[in-house]
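Reader: I'd like to learn how to read a model like this one, feature by feature. Could we start with the aromatic rings?

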Amino acid sequence: MKPNIYYIHRCEILGEAAAKKGSPPVGSLIVKNDVIISESEEAGKTKNDVTCHAEIEAVRIAVRELKTSDLSECILFTTHEPCIMCSYVIRFYKIKKVVYKNNVDYLGGISSSMPLLISDDVPPHWSKPPEIVHVPSENE
């Protein structure tokens, strides 16, 4: 399997594209068996839809491409710690692993007072918490 930084670098390129369009610089992709299934950039501002976070957009595409709502064999790579909204989606679709680079200051699914991404206090039909991998920035 390719190293995490390979996929994180692709996410950064997607994030740069989002920033050029006026959205936050976030990029995400979903990988299954070392193949990129979907990739997306943050589009909340450009689409005028707060639910168009890069992670959610990547999940939407993966669900369509794979024709399933079970993404339990998939890994999500993203430039930023998923927020609680994205964490809900990640857990609902049973993504097994999340790899991210940048921590966030507010409403992070791991670091906030509402750590939905790692909590066991969720509906019983949800997946167990995914494996979390933080790929630190050079200044961390």
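Author: Rings of Phe, Tyr and Trp (its six-membered ring) pair if their centres lie within 6.5 Å; planes under 30 degrees apart count as stacked, over 60 as edge-to-face and the rest as tilted. Searching the whole structure turns up five aromatic pairs. Take Tyr7 and Phe77: their ring centres are 4.6 Å apart with 35° between the planes, a tilted pair. This pair ties together distant parts of the chain, since Tyr7 belongs to helix H1 and Phe77 to strand E3 (residues 74-80), 70 residues apart.

Reader: Before we go on, what kind of model is it, and how are helices and strands assigned?

Author: It's a predicted model, where local features need pLDDT of at least 70 and side-chain atom pairs count only at pLDDT 80 or more, while totals for chains, interfaces and linings use all residues. Residues are numbered from 1 along each chain as its sequence is written, and side-chain values use heavy atoms, with hydrogens and water left out. As for the elements, helices (H or I, at least four residues) and strands (E, at least two) are DSSP runs, numbered from the N terminus.

Reader: How do I read the surroundings of a single residue? Which residues does Thr78 touch?

Author: Look for contacts, meaning heavy atoms within 4.5 Å. Thr78 is in strand E3, and its relative accessible area is 0%, so it counts as buried. Leaving aside neighbours within four places in sequence, Thr78 contacts Ile8, Cys11, Val26, Gly27, Ser28, Glu55, Val99, Tyr100 and Lys101.

Reader: Where does Gly15 sit?

Author: Gly15 is in helix H1 (residues 4-20). With 2% relative accessibility, Gly15 is buried. Beyond four places in sequence, Gly15 is in contact with Pro24, Pro25, Val26 and Gly27. Its C-alpha atom lies 26 Å from that of Thr68, which is 53 residues away along the chain.

Reader: How do I judge the overall dimensions?

Author: One guide is the radius of gyration, taken over C-alpha atoms; the globule rule is 2.2 Å times the number of residues to the power 0.38. For 140 residues a compact globule would come out near 14 Å, and the protein chain has 14 Å, which agrees. The C-alpha trace spans about 40 × 35 × 35 Å along its principal axes.

Conventions
Buried < 20%, exposed > 50% of the residue type's maximum accessible area, 1.4 Å probe, protein only.
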